[in-house]
Amino acid sequence: MKAEKFGEISDLIDYLRNNFIIAHLCGFDITKKLPSYWTFERFLKNFDHKYLSYVMQN
């Protein structure tokens, strides 16, 4: 979401559904359905964002 500057989870999901290569590079199995909106929301809420900040800086 940060890399593409999406403000909403639904924008991210639409983007990944329309860009299977990007979804694959993000680690999703493109032969299966993407996680639901609620799964993405729960991940963002519970994930420690300092790890993502570190990855983005490096």
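A residue counts as buried under 20% relative accessible area, as exposed over 50%, and as partly exposed in between. In the predicted model described here, phenylalanine 28 has a relative accessibility of 23% and therefore counts as partly exposed. This residue is placed in the loop between helix 2 and helix 3, the latter covering residues 37–46. When neighbours within four places in sequence are left aside, the contacts of phenylalanine 28 are Leu16, Ala23, Leu34, Pro35 and Phe40. The C-alpha atoms of phenylalanine 28 and arginine 42 are 17 Å apart, and the two residues are separated by 14 positions in sequence.

The secondary structure of the protein chain consists of four helices and zero strands, which gives the pattern α-α-α-α when read along the sequence. The C-alpha trace spans about 30 × 25 × 20 Å along its principal axes. The chain has 58 residues, of which 12% count as buried. Among contacts with a separation of 6 or more, 35% are between residues 24 or more positions apart.

Charged side chains number 8 positive and 7 negative in the protein chain, and the centres of the two sets lie 5 Å apart. The count of salt bridges comes to one. This salt bridge is formed by aspartate 48 and lysine 50, with a distance of 3.8 Å between the closest N and O atoms. The cut-off for such a pair is 4 Å between a side-chain nitrogen of Lys or Arg and a carboxyl oxygen of Asp or Glu. The two partners fall into separate accessibility classes: aspartate 48 counts as partly exposed because its relative accessibility is 36%, whereas lysine 50 is exposed because its relative accessible area is 54%.

Two lysines were examined in the segment before helix 1. Lysine 5 lies in this segment, and helix 1 itself comprises residues 9–18. The backbone of lysine 5 has a positive phi of about 60 degrees, although the residue is not a glycine. Most residues other than glycine have a negative phi. With a relative accessibility of 72%, lysine 5 counts as exposed. Lysine 2 also lies in the segment before helix 1, and its relative accessible area of 71% places it in the exposed class. In sequence, lysine 2 and leucine 52 are 50 residues apart, while their C-alpha atoms are separated in space by 9.6 Å.

Technical notes. Residues numbered from 1 in each chain as written. Predicted model: local features only at pLDDT ≥ 70, side-chain atom pairs only at ≥ 80, totals over all residues. Heavy atoms only, no water. Buried < 20%, exposed > 50% of the residue type's maximum accessible area, 1.4 Å probe, protein only. Contact = heavy atoms within 4.5 Å. Lys, Arg positive; Asp, Glu negative; His and termini not counted. Charge placed at Lys NZ, Arg CZ, Asp CG, Glu CD.
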